[in-house]
Amino acid sequence: MAKEPLVTRSQLRKHRQQETPIEKTRPNPTPKMVKQSEKEYQKKEKEISNFYRKENKKNKPITKTRSGEKQKSRAMNNFLMKAIVIVFLLIVIVMMAVFFL
């Protein structure tokens, strides 16, 4: 069963012809209207840029890596172990000095 189109070409043509006179009768934009529209446009642009600036602040780029953090941890671990050994040796020397002197 063939259905009829919802809008025929002739109806579309009539509709287009009715639209064009309205567009032609629009007044030319005055400098005041242009200035106001540009102001609104700038305001919208500012709102959009503020929104995305806030999004960028929330989603900061990742600077740390798992391997980098492991390397830092190993370096700190080595340093702390050396410090513990040195302190232990100093305690032993002090104990020996107390007992034998």
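Colleague: Why is Val98 called exposed?

Modeller: Val98 has a relative accessible area of 56%, and because exposed means over 50%, buried under 20% and partly exposed in between, with a 1.4 Å probe and protein chains only as cover, Val98 is exposed. This is a predicted model, in which local features need pLDDT of at least 70 and side-chain atom pairs count only at pLDDT 80 or more, while totals for chains, interfaces and linings use all residues. Residues are numbered from 1 along each chain as its sequence is written, and side-chain values use heavy atoms, leaving out hydrogens and water.

Colleague: What makes Lys72 and Glu69 a salt bridge?

Modeller: The closest N and O atoms of Lys72 and Glu69 are 3.7 Å apart, and because the rule asks for a side-chain nitrogen of Lys or Arg within 4 Å of a carboxyl oxygen of Asp or Glu, the pair qualifies as a salt bridge. Lys72 and Glu69 are three residues apart in helix α3, so about one helical turn separates them. Lys72 is exposed at 55%, whereas Glu69 is partly exposed at 34%. By this rule the count comes to one salt bridge.

Colleague: Which residues form the positive surface patch?

Modeller: The positive patch is formed by Lys46, Arg53, Lys54, Lys57 and Lys60, since Lys and Arg count as positive. Lys54 is found in helix α2, residues 31-58, and is exposed, with a relative accessible area of 56%.

Colleague: How many helices are there, and where is confidence lowest?

Modeller: The chain has three helices and zero strands, in the order α-α-α. The pLDDT, the predictor's confidence in each residue from 0 to 100, averages 84 over the chain, with the lowest mean, 76, in helix α1 (residues 9-24) and the highest, 95, in α3.

Definitions and conventions:
Helix = DSSP H or I, 4+ residues; strand = E, 2+ residues; numbered from the N terminus. Patch = residues over 30% accessible without salt bridge, like charges linked within 9 Å, V, L, I, M, F, W, Y side chains within 5 Å. Areas by Shrake-Rupley, 256 points an atom, 1.4 Å probe, with all protein chains shown as cover. Charge placed at Lys NZ, Arg CZ, Asp CG, Glu CD.
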